[in-house]
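Dear colleague,

Please find below the structure that I am handing over to you.

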Amino acid sequence: MRIVHLSAEFAPLAKAGGLGEVLVGLSRELTRNSHDVDIIIPKYDFIDLSKVQDLKIEVPNFKCLEFYNAMWQAKAEECNLHLLEARHPAGYFHRGKIYGCEDDTARFIYFSRAALEYLKLKNEPIDILHLHDWHVSLCAPLVKDLFKELKIKAIVLSIHNVEYQGKCAPSDLDLIGFKGTHYLTPDRLQDNNPKFPKTINLLKGGIVYADAVVPVSPSYAKEILTPEYGFTLDPTLQKVQHKIKGILNGIDTTLWDPAKDPYISPQYAIESAIKGKLANRVKFALDQTKRPWVGGITRLVPQKAPELIEETLKTTLELGGCFLLLGSSPIPKIQAHFDQLKEKYKGNNRVFLHYLYDEGMAHQLYAALDLLVVPSYFEPCGLTQLIAMRYGTLPIVRATGGLKDTVFDCEDSKNPIQCRNGFSFVDPTKAALNATLKRAFALFKSDPSTFQSLIRRNMQSDFSWKSPAQEYLKVYRTLCKHHTPKLQMQEPIPRFT
Ligand code: ADP
């Protein structure tokens, strides 16, 4: 099949979180399965071009509205990567970062249209145009209404996090030649929040106009149909339930492999995991006596329950463990609070707090920890618990979204023995978290052989993209089967659920 992904991220070149990881993992797996896969992302100024192969300019000059662009082509992580250089005077992708600019919506609206202009120029048949998150959601209505000549059989939208929706004014759509007011209706792109009737919601556009909507885990696919997790898009999602199919993410087992990981030393496999993990602690200037090392690798945003992460720090110290955190916050108040914590625990040789986005350090932490805590209020899929398990680190998670679909408490008799792989709790409270931490510490201290057998079982488990990629292919094939070339639409719309 010929599949074109449009995304804001592609790991590790341009990664802010799980989205970039999905792009590389899914694309690599589909490419290895002999599918013809292209990924288009913006050519950000910070991308380290020495990390790609065969870089060449593919289209030196093409117009989007009155602005010029170029398309670059390269091999990255075995995939065909296309880098869209927007020569827009606003320097949209010369900001040294992926997100966090005031004009983020304008940046990605422009990218959406420019990417479609490139596809129009190429004029090649495409089976699936696969969109990821709000950044490129506008492509769904653009293809259906403005770029009708594109030979695309079907559009898939993956939702990696429904909290981020991309909101703007109708006039922002006018800027790229799309009539904003035409789309400002409840059945199109009008934001569902009645307080903002003049707001365009880009993610909603993707949900309404795509042929299939894929949230990144089966539990999350159900949760977002409710007001608690739908962030006002639940009524829209309910209306299109027939085209929603939750597919659990995998992890890219080439980038995440403790036996070959260039960031860690020593590298280790299942047989050498216990020793290997201990040796990976030496680089951290912490108390090296045998005690549980507990940590988190996370963005510090409300979704991730920063107060429960802080509670983990306190309880871990009380229970005699070491606590390590890698993560920073885009929210100044939260960051300031964690800065104070760092001050408070300065000089404590059982605490390590590192507030940077640091890929290498993340690998080193996964290798050194015994327990990784993910207490999120909601979690579309979550990758850190999967990576942790591959590195022989047991996850402690709140049972929500993809965490619920991947972590099965080792002391819950309802879970078949062979599935038990970590610790989980239901209520997002300090009490529930602390009780779970205590259980994990107790197992570590009083039953090391069970603890170690869980480590081995997890390291043997298959968290790769093999099976999820097949699920995506099923969706792609169903859509293509129902494609009617003349009408350029799905008729009748297939049901996924
Ligand atoms: P989200 O996408 O919501 O941030 P996920 O669990 O899906 O959460 O993915 C997080 C990814 O980002 C993982 O690969 C994790 O290792 C990585 N990550 C999170 N924080 C940091 C950090 N401070 N430094 C390096 N990597 C990080």
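**The ligand and its surroundings**

A polar side-chain atom of K304 lies 2.9 Å from an oxygen atom of the ligand; a polar contact here is a pair of N or O atoms within 3.5 Å, and within protein one atom must be able to donate a hydrogen and the other to accept it, with residues adjacent in sequence counting only if both atoms are side-chain atoms. The protein covers 93% of the 570 Å² of accessible area that the ligand has on its own, where areas come from the Shrake-Rupley method with a 1.4 Å probe and, for residues, only the protein chains shown count as cover.

Please note that this is a predicted model, in which local features need pLDDT of at least 70 and side-chain atom pairs count only at pLDDT 80 or more, while totals for chains, interfaces and linings use all residues. Residues are numbered from 1 along each chain as its sequence is written, and side-chain values use heavy atoms, with hydrogens and water left out.

L383 contributes through its backbone, where a polar atom is 2.9 Å from an oxygen atom of the ligand. There are 21 residues around the ligand, and G18, R299, K304, L356 and Y366 come nearest; a residue is near a molecule or strand if one of its heavy atoms lies within 4 Å of it. This shell divides into 9 nonpolar, 6 polar and 6 charged residues. In that division, Ala, Val, Leu, Ile, Met, Phe, Trp, Tyr, Cys and Pro count as nonpolar, Asp, Glu, Lys and Arg as charged, and the others, Gly among them, as polar.

Which helices each supply at least two residues of the shell? They are α1 (18-32), α12 (359-368) and α13 (384-390), and α12 gives the most, with 3 residues. Helices (H or I, at least four residues) and strands (E, at least two) are DSSP runs, numbered from the N terminus.

In strand β12 (residues 322-326), 5 of 5 residues are buried, that is, under 20% relative accessible area, with exposed meaning over 50% and partly exposed in between (1.4 Å probe, protein chains only). C322, L324 and L326 lie on one side and F323 and L325 on the other, so that both faces are covered.

β12 runs parallel to strand β11 (residues 293-297), to which 5 bridges join it; two strands pair if DSSP finds at least two bridges between them. W293 has C322 as its bridge partner in β12. Strand β13 (residues 351-354) is also parallel to β12, with 4 bridges between them, and F323 stands opposite V351.

Helix α10 (residues 306-318) forms a right-handed β-α-β unit with β11 and β12. A crossover is right-handed if, with the strands pointing away from the viewer, the path from the first strand over the helix to the second runs clockwise. Another right-handed unit consists of β12, helix α11 (residues 332-344) and β13.

L300 is found in the loop between β11 and α10 and is buried, with a relative accessible area of 0%. Its C-alpha atom is separated by 7.7 Å from that of Q335, 35 residues apart along the chain.

**Strand β15**

Strand β15 (residues 394-398) is largely enclosed by the rest of the structure, because 5 of its 5 residues are buried. L394, I396 and R398 point one way, and P395 and V397 the other. β15 pairs in the parallel sense with strand β14 (residues 371-374) over 4 bridges, and L372 stands opposite P395. The crossover from β14 through α13 to β15 is right-handed.

β15 also pairs with strand β16 (residues 423-425) in the parallel sense, over 3 bridges. Here V397 stands opposite S424.

**N201 and helix α5**

N201 lies in strand β9 (residues 200-201) and is buried, with a relative accessible area of 0%. At the start of α5, a side-chain oxygen of N201 reaches to within 3.2 Å of the backbone nitrogen of L203. The N201 side chain also reaches the backbone nitrogen of K204, at 3.0 Å. Helix α5 (residues 202-209) is itself mostly covered, with 7 of its 8 residues buried.

Yours sincerely
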